[in-house]
Structure formats: C-alpha cells, structure tokens
Amino acid sequence: MSGAGDLEGIEPPEQRNLQLTPYVLVDSRREGVAGAGTETDSEVGFDLKYSVTPSLTLDATVNTDFAQVEADEQQINLDRFNLFFPEKRPFFLENAGLFSVGVSEELELFFSRRIGLGPDGQAIPIEAGLRLSGKAGHSNIGLLYMRAQEMAGVAPRNDFAVARYSRDLPNRSSLGAIFVGRQGAGDDSVSGGDDDNSAFGLDGRWGLGQYGQVSGFVAKTDTPGIETDDQAYRLAARYDSETLIGSVGYSEVGEGFNPEVGFLQRRGYRKPEAFVLYRVRPKDWAGLHELRPHISYRGFWDSEGFQETGFLHVDNHWEWKNGYEFHTGINFTREGVSEPFEISPGIIVPPGTYDHEDLQLVFITNQGAPVSFETRLTSGGVFGGDRTAVSPALNWRVGDAFTSQLSWSYNDVELPGGSFETNLGRARLSYSFTPRIFVQTLVQYNDRADRWATNLRFGWLQNANTGLFVVYNEVREIGSLGEGIPDRNLIVKYSRLFDLLR
C-alpha cells in the first residue's frame, strides 16, 4: 500500500434508491377441535424503502406481515425466570444493533418482540410503522414508530416509539442515549386508567489502550403506579488480547424497574460477575491446536440481600487441529428460592437455599465436515435433588443444496417432591433446488407441552427476499397422534420489489 498512487478526477454517482414492495396473502386455517370449519382470510400491504443518504435509510410499512419467517424454537423452562426467544422477523433485524442497550438476553431496554407478538407468541396485527436508521458521519441514528392493532383478549391497540442516538469516538469509544415508549388504548386499573410505559437510558464505552475497554449504562423507567426503585445500571471492564481475556462487571436493577417494551429476565437484583480465560497454543502436542482454561462467576442477590443464584464455572476447552473439541468443566451452583414454584406439573420446589455441584462435558466434531456431531452432558444436583441432562445434535450436509440437523434435549430430574423427565426434539431440513428456490422444514416434539409442531416453508425468490412463499403450520397433541384433529394453517404469500428510480 505504501507504493499505491492517488486516483483523481473520479466522482461516484449520486445514490438514489426508492423501493416499493407490495404483497398479497391468503391465509386458510382450521382449528384442532371437532366440527371446526376452515376459515379463509386475505391481506394486502406494502413496505417502502428510501435512501435519505447512502448510509441513512427511511423505511415505511403498512399492514406488516411476517408469514414467511421460521417458527420459534421451543424451550422447556426448568427454573422460575423468563425465557428469551430471539427476534427472527426481517423488518426488526435490519439495523437492530443500533437500538441495542443493556445486557443481551438479560436486560434489554428495547426488545422488538414486544411489538406484534403477544405474551404467548400470538401474532398481533401491525397497522403501520416508520423507521429511520443508519449513520450520519460519526453519529448513529435510530428512530422507530409502530402501531399494533387491538386483539381481543390479548392486547389493546398500542403505539410504540423508540429514539436512539449514539456518537462514535476514537479508540473504540462511544456515547449514546435511548428512549423507548408505549402508549396503549386500554384501561389499566392498577395505574388508575393510564396504559403507558417509557424507558430512558444513557450508555457508553471507553477504549483503554489496545486491549482494554470500560462500558456501562444507566436507565430508568416510568410506569403509572410505580414510583420507587425504577432504575438500573451496569458498569463493566474488559481486557481482550490474543492470549488473555478478562472481565469484571456489576449490575443493579430496582424492584420497580419495568421496561415493558424491553426484556427483563428477573426483577430487583444486584449482580457481580467476573471472567478470566487464557489461550495456550502448543507447538506440537498430540495434535492440539489450542487450550482455553477459564473460570467465571456470576451471582444474583435480591434487594433484601438474599442470594437467588450463584454460579461458579471452572472449565477447559481442548481444540484439535482437525476441528474436534472437548470441554471439561465443573460448576458450583447456589439457588435461593424465596417462594415455592412448580417446576413440573404437580411437583413443587419449596423455599430454601440449595448448594450443588455438577459435571459438564461437551464434545464437538469438525463442524466443517459433511457429517458432524456435538453433545453436551450435565450431571449433578439441582433444588435438593439430582439432574442428568443430555443434548446431542447431528448435522448432515450434502454439497450446497441440502443441510439438516437432528437434535434432542433430555432431562432426568429427581427431587424430594417427585421425579420427572422432559424431552424436546427438533429436526431441521433445508433443500435448495436452485439458489432462488428452496424448501425448509422445522419439526419439533415437546413432551412438556404434549405436542408436535411442524413448520414447512417453500420459497421462490426474486430479489431482496421477495417472491412466492407457501407456508404450512401444524400443531398436533401428542396423545392424539392416531385420531386427534390437528390445528392446521396454510398461507400463500406473494411479494414483489419495484425500484421506482431505475
């Protein structure tokens, strides 16, 4: 590069982009009850995309639809805290990082799944929305407005607004602020008739030298009827070099902190955490490529000083040059239960403090091979009893056209109050006839929910993820495999992109 010359007299053409993507959809559904007829509905809508500048985009959407999106991967909750389901809808994934403030999967001030999805995953129609997102020099800008329709028995009409600004600074540093608000048309008796919620946050990170960084945020929520302990903050430091990674952090969340358009795994806690990992790369030792011994700790205490969770993890990752990995770890856990909860139907975990140890082993073959395998084994104590968990997964790939994965998650739990087992199976298949024509299937078995779930998707793409989509969903109760009536849903959707300036 030191010998490269300068090119002069060249001016890039002006970037002009205005794209319209209308769609039409037909939805046919039959509920899994005797005598239920088939209901058919149709929808139309569109998305509009305009490039304000080459790096700043304005999006508009009317009657937003996500019929072609893959179904959620089911989970089984063996604890008393909220489960996290990641966002999969393309509209909300675009520039999603601009709106991210908090701790991923633990405390997020804005969580887009609160828009257009009910508490049990029901689809809530979205009337319209606007989003301005991108960069302007060293500034990152994100503005979002969405209106969700009323859904009887699930949610009233809601208006959502998000405003995010951050400024890039030298040496991996930045400062930012965010506002997240929800205004509902419902009647909340707790708040005296007001149905709204808002969250405010300031965040930043500061680079220290080549390897160090300090980051943190402070946040506050405003909810009618909640006047105290509605704040949260976190401060963390990290050192990340080629051979050594270390981090420490401290978080505190008030009992009244309530980000209704965000995600909060648990309420009212203080959390210290630490992590140290050291990389060792032997020159010639049994084909090993890298050793990663590490230790981590995280603990949660409630506002009264009662420890709800303690987790000390001591592990070493063994990675060979052929792509195989073996993880050998031991965990020292503490679970403090302040109120009894039902871990399985009819089995109650009573209040108390439970200290246990468990062994954790992970084996992974070369993931780049046509056939690969991985499994995780955890065996030890839980809530005064014993648990053995096994999670194997088999991956098979044939060229670029066919990929598949078969996975299983099994838990065998023996507690003083009773014993139970859980099984969660998942099969994912994908075949591409051409780069633009594909079929994908996700089949799930969940014995806790007593159901099979099938999501079958056919796509014939034109460009920019538009084209013809045929989606079939079926949910069948396990006890009715031979004679029951499944819940079925067939969707046919066609969308087309029009570039209005070309």
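Reader: With which arginine side chain does the side chain of glutamate 70 make a polar contact?
Author: In this predicted model, glutamate 70 sits in the loop between β3 (56–64) and α1 (90–93). Its contacts beyond four places in sequence are Lys88, Arg428, Leu442, Asn455 and Arg457. The polar contact in question has a length of 3.1 Å, and the partner is arginine 428.

Reader: At what distance does a polar contact join the side chains of glutamate 70 and lysine 88?
Author: Lys88 is among the residues that glutamate 70 touches. The two side chains are joined by a polar contact of 2.9 Å.

Reader: Which residue in β5 is the bridge partner of glycine 102?
Author: Strand β4 is joined to β5 (residues 107–108) by two bridges, and the two run antiparallel. Within this pairing, the partner of glycine 102 is glutamate 108.

Reader: Over how many bridges do β13 and β15 pair, and how many join β15 to β16?
Author: Strands β13 (residues 244–253) and β15 (residues 269–278) pair in the antiparallel sense over 10 bridges; here glycine 249 stands opposite glutamate 273. Strand β15 also runs antiparallel to β16 (residues 288–301), where arginine 270 has tryptophan 301 as its bridge partner.

Reader: Is the pair of phenylalanine 179 and phenylalanine 200 stacked, edge-to-face or tilted?
Author: The whole structure holds 17 aromatic pairs. In this one the ring centres are 5.4 Å apart and the planes meet at 45°. Planes under 30 degrees apart would count as stacked and those over 60 as edge-to-face, so the pair is tilted.

Reader: In which strands do phenylalanine 179 and phenylalanine 200 lie?
Author: The two residues are 21 residues apart, and their pair links distant parts of the chain. Both are partly exposed, with relative accessible areas of 32% for phenylalanine 179 and 39% for phenylalanine 200. Phenylalanine 179 belongs to β9 (residues 173–184) and phenylalanine 200 to β10 (residues 196–208).

Reader: What kind of pair do tryptophan 408 and tyrosine 445 form?
Author: Their ring centres lie 5.7 Å apart, and their planes are at 20°. Since this angle is under 30 degrees, the pair is stacked.

Reader: How far apart in sequence are the parts that tryptophan 408 and tyrosine 445 tie together?
Author: Tryptophan 408 is in β24 (residues 402–415) and tyrosine 445 in β26 (residues 437–446). The separation in sequence is therefore 37 residues.

Reader: What radius of gyration does the protein have?
Author: The secondary structure comes to one helix and 30 strands, and the C-alpha trace spans about 75 × 65 × 60 Å along its principal axes. For 502 residues, a compact globule would have a radius of gyration near 23 Å, with which the protein's value agrees: 25 Å.

Notes. Residues are numbered from 1 along each chain as its sequence is written. This is a predicted model: local features need pLDDT of at least 70, side-chain atom pairs count only at pLDDT 80 or more; totals for chains, interfaces and linings use all residues. Side-chain values use heavy atoms; hydrogens and water are left out. Two strands pair if DSSP finds at least two bridges between them. Helices (H or I, at least four residues) and strands (E, at least two) are DSSP runs, numbered from the N terminus. A polar contact is a pair of N or O atoms within 3.5 Å; within protein, one must be able to donate a hydrogen and the other to accept it, and residues adjacent in sequence count only if both atoms are side-chain atoms. Contact means heavy atoms within 4.5 Å. The radius of gyration is taken over C-alpha atoms; the globule rule is 2.2 Å times the number of residues to the power 0.38. Rings of Phe, Tyr and Trp (its six-membered ring) pair if their centres lie within 6.5 Å; planes under 30 degrees apart count as stacked, over 60 as edge-to-face and the rest as tilted. Buried means under 20% relative accessible area, exposed over 50%, partly exposed in between (1.4 Å probe, protein chains only).
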